[in-house]
Amino acid sequence: MVITKTIMALCMFVNSNLDGHMMIKDDSVSECLKLKREAERNLSADRKSVIRFECGFVEAELETDIEGNLKIKKIIQAK
């Protein structure tokens, strides 16, 4: 089942293109910023791509995975 909802997400951009995203539980800005800092710390120093992480509210299509958790299927629009 797919639903459309506005949620907080951590998005990863590689060379200015959206490459990955993660739904943040309870729409917590502080949790998103914490995960963003951890991700930025774990980036390889010798990478060739420009990688940027961004927290924000997005309108997304969500679907339930095999374990029953909601996951982002597709981001429709940034808010």
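Modeller: Two strands pair if DSSP finds at least two bridges between them. Helices (H or I, at least four residues) and strands (E, at least two) are DSSP runs, numbered from the N terminus. The model is predicted: local features need pLDDT of at least 70, side-chain atom pairs count only at pLDDT 80 or more, and totals for chains, interfaces and linings use all residues. Residues are numbered from 1 along each chain as its sequence is written, and side-chain values use heavy atoms, with hydrogens and water left out.

Biologist: Which residue in S3 does Lys5 stand opposite?

Modeller: Strand S1 (residues 2-14) pairs with S3 in the antiparallel sense, over 13 bridges. In S3, the residue opposite Lys5 is Ala60.

Biologist: Which residue in the hairpin of S3 and S4 takes a positive phi?

Modeller: S3 also pairs with strand S4 (residues 70-78), antiparallel over seven bridges. Five residues lie between the strands of this hairpin, and the positive phi, near 90°, belongs to Gly68.

Biologist: Which cysteine is joined to Cys32 by a disulfide?

Modeller: A disulfide is a pair of cysteine sulfur atoms within 2.5 Å, and the count by this rule is one. The S to S distance is 2.2 Å, and the partner of Cys32 is Cys55.

Biologist: Is Cys55 buried, exposed or partly exposed?

Modeller: Buried means under 20% relative accessible area, exposed over 50%, and partly exposed in between (1.4 Å probe, protein chains only). Cys32 has a relative accessible area of 0% and is buried. For Cys55 the relative accessible area is 22%, so this residue is partly exposed.
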